[in-house]
Amino acid sequence: MNNSFRFAFVSNSLAIAQSVRDYASSRKLSMEIRQANMEDAIPVAKSLIDDGVSVVLGGGGTGRILRRHLLKPVVTIGRTHLDIIQALMKAREYSPKIAFTCYGPVPRWTALFARLLDVSLSPVPFTSTPELVSGIAMAIEQGAGVIAGGGICVEIARAKGCPGVIIAPGEESLERAMDEAVNIARSQQRDHEHNAWLQGALDALHEGVIGIDIKGRETISNKSANSILPAISSHELENGDIGKKLGLEHTLRSGHKNDGIVRRISGVELVINTVPVQVNGVTQGALAAFMPSARVRDLSHKMKNASRATMKAKYDLDSLKGSSALMAALKKRATQYANSDMAIHIHGESGTGKELLAQGIHRASNRSRGAFVAVNCGALPESLLESELFGYEEGAFTGARKGGKTGLLELAQDGTVFLDEIADISPGVQAKLLRVLETGEIFRLGGISPVLVNARVISSTWKDLACEVRSGRFRPDLYYRLTPLRLATPPLRLRPEDISEIAADILTRAGLSAGFLSTRAVSLLMDYSWPGNVRELDAVLRRFSLLGSRVICDDELLESLMKELEIEQGYLSSPPVETDLKKYVTGAGTGDLKARMCRVEKEIIAGELLRCGNNRMLAAHNLGISTNTLWRKTRYYEK
């Protein structure tokens, strides 16, 4: 690991530099040597740091100068007392009058070492090269017989005819300095890695981040900040103006975070959150995270879409099985209606595929990318249905979810909401739903502000919604809002020719071949009236596939299942209406001929409307009369 670090030693002594190089080489450390006097040491050291050197080392006074003026860590190679004593003992061999150089103040050991070595010690303090040269010259003039100090000191003394002794760092001093340099380099490497991870995390954010210190100077920022606010000048950053604009100065003063600040900076409306940076409970800076308000709205929209991701329609119009004239007409009309945004009401008996039809319309519309939200209005009590449809704010009622809840009408934004069993909703919910259809706005429970919704409404019921209006159970104004477009899903008994195709599809999903049923089996299925429609057919065929052979069609098993079904349902193969008419044909009942004929006509019309799923146009066609005639007769019989 040490091989990855670069070290440099800056000194004015070539001899000391050589000993540092040799020791570093013995420890396999990369050490660069730069020789410079004290005045040149600082720019030399800065250039080394800019070039990628991990730690700069300096000897004696040079090291102290570098530590004082460089912002980066500097290791000073000092001299131990033993190093000094050894050098003084060697100097004593030249003269008992010794002058020694020292950077800065005179060391306290001077008198002690003089007594121990029985010599005269004269300090030569200096803080610059000129001071060092003049100090050595003065010491020689005052009788010093030898100069002890760094390598440059010895050179100066010898130039003036005086011997000199180098106070060189020993192995212990070199080891301590190298260990400190390696530890600093490792710590810096960890800091660099940590900062790289931190900066990477900040740059990965879509939010802009800017941090300032206690003096308002920028300490950190990310790429998003530069892209969101490209117009910020360096002058603003240097003078702390951006801190004021982002609300960071207030956070520095108060020590409290602020969320949801909306301000316009450099022409961009921002949503800003600020938080103080505290060290040991003391605020040392502040951070601001900000994002354009337009992007916040976009993210909110995407989150709503994500919550609607599972609310997708599974079926299209081709999923409606059957090639009969009734089904062909239904699919054609549904395709035409899909191109409109008007509300659609689907009437039909249970099991005729009302929700499947609604999903197909949604898939065929220009809202197909939006959500398809289905609600069974008859399965929920009034209070729960209201909160599900319209949503609620936090604290709207006891037990309300923290943060509130988005209603299903909101979740269907830009999509379709399917309101099944619409005839069963209460008057209160009817009134609120009417307002939604009229204004395109909803109010959440406990809310005071309207929420705009843009969802197409498709409703359905097996009940005659017009009869519900006449009976006073359903609002007429809501009826007209829900039914500008109307569809009727025909019961299975009115399209027996579709039974074989539907049965083949059911058996295929059960793992049998499409042509598994025999001619006799298909005939048995077509002879039944299917009051439960496709749902009932699906149940019978699944039971048949489970109990029978999966190789050949067991006609006897199917026949027995059909007889059980007729007994359970209480129906004969023929439609119930024909049985009801029998008493009139045989002369049962009371009243004159006109009264009896009216009752028969009334029952015939009612039966045909039942067969046609209340499709008046189809019923009139089957009866051979006009739609207006049918309408007049039904109005007459309802009186």
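Just after α1, K28 takes a positive phi of about 60°. The structure is a predicted model, in which local features need pLDDT of at least 70 and side-chain atom pairs count only at pLDDT 80 or more, while totals for chains, interfaces and linings use all residues. Residues are numbered from 1 along each chain as its sequence is written, and side-chain values use heavy atoms, with hydrogens and water left out.

Helix α1 itself covers residues 14-26; helices (H or I, at least four residues) and strands (E, at least two) are DSSP runs, numbered from the N terminus. Its 13 residues should span 18 Å at 1.5 Å a residue, and its end C-alpha atoms are 19 Å apart, which agrees; the expected span is 1.5 Å times one less than the number of residues. Within α1, I16, A17, V20, Y23 and A24 are buried, where buried means under 20% relative accessible area, exposed over 50% and partly exposed in between, with a 1.4 Å probe and protein chains only. Seen down the axis of α1, these buried residues fall within an arc of 130°, so they line one face of the helix; the arc is that of the directions from the helix axis to the C-beta atoms. On the other side of α1, L14, S25 and S26 are exposed. The elements that cover the buried residues of α1 include β1 (6-11), β2, β4 (74-77) and α8 (171-204), with contact meaning heavy atoms within 4.5 Å.

Strand β2 (residues 30-35) contains E32, which counts as buried because its relative accessible area is 19%. The side chain of E32 makes a polar contact with the side chain of R6 at 2.7 Å; such a contact is a pair of N or O atoms within 3.5 Å, and within protein one must be able to donate a hydrogen and the other to accept it, while residues adjacent in sequence count only if both atoms are side-chain atoms. Leaving aside residues up to four places away in sequence, E32 touches R6, F7, A8, F9, L48 and V53.

A search of the whole structure finds 8 aromatic pairs. The rings of W109 and F113 have their centres 4.7 Å apart and their planes at 25°, so this pair is stacked; rings of Phe, Tyr and Trp (its six-membered ring) pair if their centres lie within 6.5 Å, and planes under 30 degrees apart count as stacked, over 60 as edge-to-face and the rest as tilted. Y528 and W530 form an edge-to-face pair, 4.6 Å centre to centre with 90° between the planes. Ring pairs also link F100, W109 and F113 into a cluster.
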